[in-house]
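Here is a friendly briefing to read beside the sequence and the 3D view. Please keep both open as you go.

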Amino acid sequence: MRQSALPGLPCLPALALLPLLLLGVTACGSVPEGAALAPAAAPAVPVDDGAPGGEGGPLRPGAKDAHVGDAVRVHGSQVGRHLEVVLGAYVDPAVSTDKNFAPPAGKRWVAASMSFVNVGGASYGALGRMWAHDGAGQRHPVVPTGELTTGKPIVFDSLAVGERAEGWVVFEIPENARIVRLEYQDANIRANTGEGFWAV
């Protein structure tokens with residue numbers, strides 16, 4: 001979740017979620033502020049706002065957690081902006097293919113394989129933002145890591161109608177944290193429709 005170059009999308013600098021990491025997988029975009037998906041070229045690192053999330057954060061009334069393999073329809077604030085988002089897999093811990101690249105002491109990476117399909121009537125210039133919520137009520141944004149042993153990061157600079165972008169988004173969390181939920185938020189969220197949640 002604005003296109004960014006995760007993650008946090010016009011070029012997901014921050015949906016890496018979301019600076020969406022660096023290497024191109026398919027078409028992808030980035031999200032400007034905070035935690036956006038990865039950027040299309042040079043990913044922007046999102047800032048961990050430390051916002052409370054409860055057990056993954058309170059869901060809007062009537063909303064339910066999806067699970068691995070479930071598709072969630074996300075509607076943006078702009079007319080015609082609709083994404084179908086799927087959490088394909090979740091790994092803990094996530095490991096870089098570069099043996100010299102690892103999270104700092106006291107931290108670990110977890111990663112999600114995400115698929116975004118533009119099912120609306122307008123193109124996307126950027127993905128939105130993503131967070132991993134832990135059981136202590138904190139949320140953690142996407143960070144850029146490069147290629148993982150499980151696959152490449154998601155990257156795109158645009159998503160035309162009918163196009164798909166897929167790849168991995170990575171979150172850096174405390175070593176002892178337990179992730180309970182993933183959240184995607186459209187770059188231009190519209191109340192009660194612009195987000196999706198997956199229990200992990």
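W109 counts as buried, because its relative accessibility is 3%, and buried means under 20%. This is a predicted model, so treat the values below as computed from that prediction. W109 also has an aromatic partner, F101, and is one of the residues in a second, separate core.

**W109 and its aromatic partner**

- The count of aromatic pairs comes to two.
- One of them joins F101 and W109 in an edge-to-face arrangement, with 5.3 Å from centre to centre and 65 degrees between the planes.
- Is F101 buried or exposed, or does it fall in between? F101 counts as partly exposed because its relative accessibility is 34%, whereas W109, at 3%, is buried.

**Two nonpolar cores**

- The largest nonpolar core has 27 residues, and M114, F116, F171 and Y184 touch the most other members.
- Which strands each supply at least two residues of this core? They are β2 (71–75), β3 (82–91), β4 (107–118), β5 (129–134), β7 (164–174) and β8 (179–185).

**A charge over a ring**

- W131 has a charged neighbour: the charged end of R139 sits over its ring, 4.0 Å from the ring centre.

**Salt bridges**

- Side chains of opposite charge can pair when their charged atoms come close.
- How many salt bridges does the structure hold? There are three.
- D65 and R181 form one of them, and their closest N and O atoms are 2.8 Å apart.
- This pair links distant parts of the chain, since D65 is in the loop between β1 (52–54) and β2 while R181 is in strand β8, 116 residues apart.
- D65 counts as partly exposed because its relative accessibility is 23%, but R181, at 9%, counts as buried.
- E84 forms a salt bridge with R73, where the closest N and O atoms are 3.5 Å apart.
- Here, too, distant parts of the chain are linked: E84 belongs to strand β3 and R73 to strand β2, eleven residues apart.
- E84 is partly exposed, with a relative accessible area of 28%, and R73 is partly exposed as well, at 43%.
- R108 forms a salt bridge with D92, with 2.8 Å between the closest N and O atoms.
- R108 lies in strand β4 and D92 in the loop between β3 and β4, so this pair links distant parts of the chain, 16 residues apart.
- Which class does R108 belong to, buried or exposed? R108 counts as buried because its relative accessibility is 11%, while D92 is partly exposed, with a relative accessible area of 39%.

**A proline in a strand**

- P141 lies in strand β6, which covers residues 137–143.
- P141 counts as buried because its relative accessibility is 4%.
- How far apart are P141 and V169? They are 28 residues apart in sequence and 9.6 Å apart in space, from C-alpha to C-alpha.

Conventions:
Residues numbered from 1 in each chain as written. Predicted model: local features only at pLDDT ≥ 70, side-chain atom pairs only at ≥ 80, totals over all residues. Heavy atoms only, no water. Helix = DSSP H or I, 4+ residues; strand = E, 2+ residues; numbered from the N terminus. Buried < 20%, exposed > 50% of the residue type's maximum accessible area, 1.4 Å probe, protein only. Core = buried A, V, L, I, M, F, W, Y, C linked by side-chain atoms within 4.5 Å. Phe/Tyr/Trp six-rings, centres within 6.5 Å; stacked < 30°, edge-to-face > 60°. Lys NZ or Arg CZ within 6 Å of the ring centre and 35° of its normal. Salt bridge = Lys/Arg side-chain N within 4 Å of Asp/Glu carboxyl O.
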